[in-house]
Amino acid sequence: MAEAECELDSSPIEVLSEASVGSLSVAVLSSAATFCCGGQEAASKLLHSDETVKPSVKSETAVPHRSSSGGPGSLMFVRLRVQPSAGKKKLGTAKTLPRRDSWLALSQDSSDELYAYLTHCRPDLCILEGGEEEREADRDEEEFVLIEDKEEEDEDEEEEVFQRLRNTGDDWEMVLMEESGDKPTLVMDRDPEGLNNIVESSHVLEASHVRELCKELPPSTVGRTWQLAYSTSRHGASLKSLYRRLSATDSPVLIVIKDALDEIFGAFLSHPLRLSETFYGTGETFLFMLHPRFKCFRWTGENSFFIKGDLDSFAIGGGSGHFGLWVDENLYLGRSSPCYTFNNCCLSETDDFRIMELEVWTFG
């Protein structure tokens with residue numbers, strides 16, 4: 001019994017085409033089991049009908065009724081049909097769906113047991129006997145498709161709701177048109193709030209720099225105000241002072257450096273700088289170059305050497321004895337090298353650089 005049920009739910013062991021079954025007609029429902037009785041003559045007709053009878057998709061030949069009075073040696077032919085669901089097709093569809101038919105030759109006793117089992121355990125199947133099948137064969141197979149899964153109806157309702165919402169314009173993309181007639185500008189590309197205050201407060205950043213950085217910052221910073229937490233021109237050049245200024249915040253940190261060659265670069269830190277025995281931070285940390293060109297170096301996944309704070313220096317990124325960005329305790333000398341953490345190039349023109357201005361921004 002389990003083999004028969006498996007046969008119905010999976011691909012058939014042996015699939016016969018309509019040409020192979022000849023005058024034995026077909027059922028017209030998504031899943032069906034048909035019981036037809038017959039002896040050796042019927043078996044011969046089943047196996048050789050493709051040589052003697054011209055196949056027909058719809059046959060008018062009557063199929064003998066299943067009879068419990070047949071002898072134990074008589075054969076019962078059982079057809080298992082699997083016809084895939086039509087998905088979301090409704091009444092009126094005219095597309096013919098692919099079907100799979102499998103034929104089994106069973107003894108009378110085995111047929112009775114299978115019939116009783118399917119009737120009891122698989123009420124979802126359409127079980128036909130010989131006479132019933134002939135009446136079913138007269139139906140138009142392409143006239144309709146039964147949808148038995150309630151989930152498909154739910155999907156239809158969800159699709160209707162989606163189309164209704166779509167027509168309201170709730171998912172329209174808003175754009176701003178400049179009076180100059182230039183290309184439309186997306187709202188997400190608009191200047192961040194407080195841009196003028198950021199530029200006025202900074203001795204390093206320009207408006208174009210802020211716009212570039214905003215495109216790379218993680219979602220946790222969106223809508224938050226930039227605050228200048230530390231600047232060497234305002235608060236002095238001391239790493240200890242920097243640690244102290246950041247001790248009361250848990251905000252991500254943006255470090256911006258301008259060197260003696262007027263190149264601008266830095267790092268975004270997922271956590272504020274602090275003294276630590278080991279590296280800390282998350283993959284949101286990244287290195288960047290701002291001037292003379294913009295380039296962002298994100299976490300490669302090679303290691304987790306994100307942030308390290310010591311009394312005499314701090315480092316961002318590392319591997320094989322090289323740091324992506326290293327700055328001494330006086331916030332005056334620095335070094336940048338390629339590292340495995342970010343697969344970055346040297347951020348400055350030379351490996352060693354002198355810092356003219358260092359700014360640390362938080363997001364409040």
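Student: What does Ile 255 touch, leaving out residues up to four places away in sequence?

Tutor: In this predicted model, Ile 255 touches Phe 265, Gly 266, Ala 267, Leu 269, Leu 273, Phe 288, Phe 314, Leu 358, Glu 359 and Val 360, where contact means heavy atoms within 4.5 Å. Residues are numbered from 1 along each chain as its sequence is written, and side-chain values use heavy atoms, with hydrogens and water left out. Because this is a predicted model, local features need pLDDT of at least 70 and side-chain atom pairs count only at pLDDT 80 or more, while totals for chains, interfaces and linings use all residues.

Student: Which residues touch the most other members of the largest nonpolar core?

Tutor: That core has 31 residues, and those touching the most other members are Ile 255, Ile 257, Leu 273, Phe 314, Ile 316 and Leu 325. A nonpolar core is a set of buried Ala, Val, Leu, Ile, Met, Phe, Trp, Tyr and Cys residues joined through side-chain atoms within 4.5 Å, and buried means under 20% relative accessible area, with exposed over 50% and partly exposed in between (1.4 Å probe, protein chains only). Apart from it lies another core, of 18 residues, among them Trp 226, Leu 254, Ile 264 and Phe 288.

Student: Switching to helix H8, which residues are buried there?

Tutor: In H8, which spans residues 207-216, the buried ones are His 209, Val 210 and Leu 213. Seen down the helix axis, they fall within an arc of 95°, so they line one face of H8; the arc is that of the directions from the helix axis to the C-beta atoms. Their cover includes helix H7 (195-201) and strands E7 (226-231), E8 (253-259), E9 (264-269) and E10 (286-291). Helices (H or I, at least four residues) and strands (E, at least two) are DSSP runs, numbered from the N terminus.

Student: And Cys 214, how accessible is that?

Tutor: Cys 214 is partly exposed, at a relative accessible area of 29%, whereas Cys 339 is buried at 5%.

Student: How many disulfides are there?

Tutor: The count is 0, taking a disulfide as a pair of cysteine sulfur atoms within 2.5 Å.

Student: Where is confidence lowest, and where highest?

Tutor: By pLDDT, the predictor's confidence in each residue from 0 to 100, helix H2 (residues 18-21) is lowest at a mean of 38 and E9 highest at 98. The protein's mean is 73, with 57% of its residues at 70 or more. Residues 39-69 stay under 50, and the model gives them 57 contacts beyond four places in sequence.
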